[in-house]
Amino acid sequence: MKLLAISDLREAFDYIDRLPEVVQEARIDAVLFAGEILQAEARKAEWERAVREQRPPDRARPEVVEERRNDAESLMTFFRRLNTIGVPVYVIPGRNDAPERFFMQAAFNSEIVTPHVHMVHRSFAPLGGRYMVAGFGGEVTVEARDHEFFLRYPGWEAIFSLDFLRHLDPPKILLFYTAPADRFEEPADQSGPAAVAHLIKTYDPHFVVCAGVGGRKEKKQLGNTLVVFPGSLAEGDYAIIDTREKEVAFGNLR
């Protein structure tokens, strides 16, 4: 089985329109998207101001309100374009893909229209009769939690939300926006990366795909798990995972 791993779109929707060509040429069986649909420029600017001024971010700023209206349409555009890829697509949100209810509503509306798109944030869906795909999106933190301005979750919530995995027998593929720590350490809830590493250690998935934030494009082994960072789709980057050979090939659409 061959899987196309992508992340960090940041509203570069034209690259999604070019994915069917990659899917056809590489004989891809499914697509795994590890988050970050939106750019969130106004929200980022207000967040930075709020940090400097030691105050909560202001959701009522006119530019933030206007951006939120545009974000709702961008989320719908993202899911509409996914429908053209032609193979199953498994999706989690990134840090910017807030509010959570907007993302969830757009994802569920898309699932109703087409059986190809599967939202696996805090959830799971079968893949090819062999694997089970599950995930947890957004930024996993030590204790910060936010569903409105950005998607940020404390490590304990990620661990609790994926507890259902212990009841799933098929081999697993997990999607995370937050990259795991480089090694297994305890206690697991000291940081977001440690919590993600704890989940990988606990459920021993065959593969993990994490967002290529900052253009990160690499693969690494964590225990028995092959962890793949596909790079930024906003820069044309993607990765192809061969599940049989456990090999990864990186490509670029430019």
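This briefing describes the overall fold of one protein and the surroundings of two of its residues. The structure is a predicted model, in which local features need pLDDT of at least 70 and side-chain atom pairs count only at pLDDT 80 or more, while totals for chains, interfaces and linings use all residues. Residues are numbered from 1 along each chain as its sequence is written, and side-chain values use heavy atoms, with hydrogens and water left out.

**Overall architecture**

- The protein contains 7 helices and 14 strands; these are DSSP runs numbered from the N terminus, with helices being H or I of at least four residues and strands E of at least two.
- Its radius of gyration is 17 Å, close to the 18 Å given by the globule rule for 254 residues, so the protein is as compact as a globular protein of that length. The radius is taken over C-alpha atoms, and the rule is 2.2 Å times the number of residues to the power 0.38.
- Along the principal axes, the C-alpha atoms fill a box of roughly 50 × 45 × 35 Å.
- Among contacts with a separation of 6 or more, 66% join residues 24 or more positions apart; contact means heavy atoms within 4.5 Å.

**Surface and charge**

- Of the 254 residues, 55% count as buried, a term for under 20% relative accessible area, with exposed meaning over 50% and partly exposed in between (1.4 Å probe, protein chains only).
- The protein exposes about 11300 Å², of which carbon and sulfur atoms supply 48%. These areas come from the Shrake-Rupley method with a 1.4 Å probe.
- The mean positions of the 32 positive and 39 negative charges are 1 Å apart. Lys and Arg count as positive and Asp and Glu as negative, without His and the chain ends, and the charges are placed at NZ of Lys, CZ of Arg, CG of Asp or CD of Glu.

**Residue S161**

- S161 belongs to helix α6, residues 155-161, and is buried, with a relative accessible area of 13%.
- A polar atom of the S161 side chain lies 2.7 Å from the backbone oxygen of E157.
- Apart from neighbours within four places in sequence, S161 is in contact with R122 and F136.

**Residue T243**

- T243 lies in the loop between β13 (237-242) and β14 (247-252), and counts as buried at 9% relative accessibility.
- Not counting residues up to four places away in sequence, T243 touches M1, L3, Y131 and F207.
- The C-alpha atoms of T243 and A144 are separated by 35 Å, and the two residues are 99 residues apart along the chain.

Notes
A polar contact is a pair of N or O atoms within 3.5 Å; within protein, one must be able to donate a hydrogen and the other to accept it, and residues adjacent in sequence count only if both atoms are side-chain atoms.
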